[in-house]
Amino acid sequence: MFARNAVRFIKALVFALWMVAFAIVPAGAQQQTQQQAQQSGTFSPDEIVDAGNTFFGEASSGLAQTLQNAFSKYGLPNGYILGAEGSGAFIAGLTYGEGTLNTKNVGSHKVFWQGPSLGIDYGGDGSRVMMLVYNLPSVPDLYHRYGGVSGSAYIVAGFSMQVYKYRDVILVPVRSGIGARLGVNVGYLKLTERPTWNPF
């Protein structure tokens, strides 16, 4: 009888330890990711998703999926821009936007962007934009022309994602908005410290 109870006790103890171990590992891994992000000056996935959900007004699985796609391809950003833009096109088009760059190490900074596009692209739209910023060494290094392919590069549940690049700095705008932009257009975004009407 004593031996049987001892076996039961050992089994229960092993099971309890097993459950505790599996409960701790994901939490520990998540905490480690947060710590790595803080040390490197990057934002963790949770921080970006939370900021996106707050900015776009509601939690969205489409937004989370789109952001996870960016994380899997480019890693963790060391900055992000929250803003709005308007654009229109009839074969050739223009985009104008403004927002705020958020960083961990050097605070927040106002930023503007403009850009022309050319391609199979008709319509107009107004969008909220969350722009992930990768490999940014300093704020002045943000202000350049970024080339890329925009349009229907990646769309999930009303969110689209494109990629623009200047040297090592990568911009990944995630947009949600009204209107219609059909097709894919090729163009660039010019980021500036001050607003300008000149998209070139």
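Which residues in H2 are buried? I took this up at the start, bearing in mind that the model is predicted.

**Entry 1, helix H2.** I looked up H2 and found that it covers residues 45-56, 12 residues in total. From its first C-alpha to its last it reaches 16 Å, close to the 16 Å expected at 1.5 Å a residue. The buried residues in H2 are Pro-45, Ile-48, Val-49, Ala-51, Gly-52, Asn-53, Phe-55 and Phe-56. I also checked what follows the helix: just after H2, Gly-57 has a positive phi of about 100 degrees.

I then turned to the largest nonpolar core, which has 20 residues. Those with the most contacts inside this core are Ile-48, Leu-67, Tyr-80, Met-130 and Leu-132. At least two residues come from each of H2, helix H3 (61-74), strand S1 (79-102), strand S2 (108-134), strand S5 (159-161) and strand S7 (169-179). With 5 residues, H2 gives the most to this core. I listed the contacts of Ile-48, leaving out residues up to four places away in sequence: Ile-48 touches Phe-43, Leu-67, Phe-71, Pro-77, Tyr-80, Met-130 and Leu-132. I noted a second, separate core of 17 residues, with Met-131, Leu-136, Leu-189 and Leu-191 among them.

I found 6 aromatic pairs in the structure. One of them joins Phe-56 and Phe-159 edge-to-face, at 5.2 Å centre to centre and 85 degrees between the planes. Phe-56 lies in helix H2 and Phe-159 in strand S5, so this pair ties together parts that are 103 residues apart in sequence. I checked burial for both Phe-56 and Phe-159, and both are buried. Another pair, Tyr-74 with Tyr-134, is tilted, at 5.8 Å centre to centre and 50 degrees between the planes. Because Tyr-74 is in helix H3 and Tyr-134 in strand S2, the pair ties together parts 60 residues apart in sequence. I compared the two tyrosines: Tyr-74 counts as partly exposed at 31% relative accessibility, whereas Tyr-134 counts as buried at 1%.

Phe-55, Phe-56 and Phe-159 are linked into a cluster by ring pairs. I also found the charged end of Arg-128 over the ring of Phe-55, 5.0 Å from the ring centre.

Is Gly-93 buried or exposed? I located Gly-93 in strand S1. Gly-93 counts as buried because its relative accessible area is 8%, and buried means under 20%.

How values were computed
Residues are numbered from 1 along each chain as its sequence is written. This is a predicted model: local features need pLDDT of at least 70, side-chain atom pairs count only at pLDDT 80 or more; totals for chains, interfaces and linings use all residues. Side-chain values use heavy atoms; hydrogens and water are left out. Helices (H or I, at least four residues) and strands (E, at least two) are DSSP runs, numbered from the N terminus. The expected span of a helix is 1.5 Å times one less than its number of residues. Buried means under 20% relative accessible area, exposed over 50%, partly exposed in between (1.4 Å probe, protein chains only). A nonpolar core is a set of buried Ala, Val, Leu, Ile, Met, Phe, Trp, Tyr and Cys residues joined through side-chain atoms within 4.5 Å. Contact means heavy atoms within 4.5 Å. Rings of Phe, Tyr and Trp (its six-membered ring) pair if their centres lie within 6.5 Å; planes under 30 degrees apart count as stacked, over 60 as edge-to-face and the rest as tilted. A charge sits over a ring if NZ of Lys or CZ of Arg is within 6 Å of the ring centre and within 35 degrees of the ring normal.
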